[in-house]
Amino acid sequence: TELICDVSKTRGFGWVLVQIRGYDTNGDKMYNVIACGSKSLTAGQRNWSMIELEAQSIKIGCIGASYWLKGAHFNVLTDHKPLIGLFNDQRLDLIKNVRICNARLSLIDYNFTVVYLPGKYNVVSDCFSRKPLWNQDFNDEEEPCILANVLFESFADAISDPLLSYM
């Protein structure tokens, strides 16, 4: 399972949760999309540094897909290399940036490894981050329900998944 996250400095956050279903003849991964989402930047977030925004995109992606991610190990793919060290190796007490530390603290319940994905391959979550579906005033608690409804309408066969049948 992989969570692919991205942020657009002027627009918003985007994430896609995928499962690897196999490999094609070229050796490239083939994915099944499980869930996806996006969120616009607030006025204050537009002034954040890029590393703070990228850390926040991981937080938003994990929380948005928490139903599928809690209790299992997964990879988080990002196009921002400095996050690898901050999320994989760095102790929390050594992180001096409050926003990055808060993002890490809010993800303490998740078991993941951050992996670098070059930006040219990060196209799906990049699209969501450039054209967010929900604005910054949207209630965080309502988003997953609407997201699930959109997915069920778009992918009718997704309901046959045993994990999704409980929703």
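Leaving aside neighbours within four places in sequence, Glu 54 is in contact with Asp 6, Val 7, Thr 78, Asp 79, His 80 and Leu 83. This residue belongs to a predicted model, in which the protein chain contains six helices and five strands. Glu 54 itself sits in helix α1, which covers residues 50-64, and it counts as buried because its relative accessible area is 3%, while the cut-off for buried is under 20%.

**Overall layout**
- Followed along the sequence, the elements of the protein chain come in the order β-β-β-α-α-β-α-α-β-α-α.
- When contacts between residues at least 6 apart in sequence are considered, 70% of them join residues that are at least 24 apart.

**Strand pairing**
- Strand β1 (residues 2-7) and strand β4 (residues 73-78) run parallel and are joined by three bridges, and Ile 4 has Leu 77 in β4 as its bridge partner.
- Strand β4 also pairs in the parallel sense with strand β5 (residues 111-116), here over six bridges, and the partner of Leu 77 in β5 is Val 115.

- In soluble globular proteins, nonpolar side chains tend to be buried together.
- The largest nonpolar core in this model has 31 residues, and those with the most contacts inside it are Leu 3, Leu 17, Ile 58, Phe 87 and Phe 112.
- Helix α1 gives the most to this core, contributing five residues.
- A second, separate core consists of six residues, among them Ile 4, Val 16, Leu 77 and Leu 117, so that Ile 4 and Leu 77, which are bridge partners, both belong to this second core.
- Not counting residues up to four places away in sequence, Leu 17 touches a set of residues that includes Thr 1, Glu 2 and Leu 3, as well as Asn 32, Val 33, Ile 34 and Ala 35, and also Ala 65, Trp 68 and Leu 69.

**A nonpolar patch on the surface**
- Ile 20, Tyr 23 and Tyr 31 form a nonpolar patch on the surface, and together they have about 290 Å² of accessible area.
- Tyr 23, one of the residues in this patch, is found in strand β2, which spans residues 12-23.
- Tyr 23 counts as exposed because its relative accessibility is 53%, and the cut-off for exposed is over 50%.

Definitions and conventions: Residues are numbered from 1 along each chain as its sequence is written. This is a predicted model: local features need pLDDT of at least 70, side-chain atom pairs count only at pLDDT 80 or more; totals for chains, interfaces and linings use all residues. Side-chain values use heavy atoms; hydrogens and water are left out. Helices (H or I, at least four residues) and strands (E, at least two) are DSSP runs, numbered from the N terminus. Contact means heavy atoms within 4.5 Å. Two strands pair if DSSP finds at least two bridges between them. Buried means under 20% relative accessible area, exposed over 50%, partly exposed in between (1.4 Å probe, protein chains only). Patches are made of residues with over 30% relative accessible area and no salt bridge: like charges are joined within 9 Å, nonpolar side chains (Val, Leu, Ile, Met, Phe, Trp, Tyr) within 5 Å. Accessible areas come from the Shrake-Rupley method with a 1.4 Å probe; for residues, only the protein chains shown count as cover. A salt bridge is a side-chain nitrogen of Lys or Arg within 4 Å of a carboxyl oxygen of Asp or Glu. A nonpolar core is a set of buried Ala, Val, Leu, Ile, Met, Phe, Trp, Tyr and Cys residues joined through side-chain atoms within 4.5 Å.
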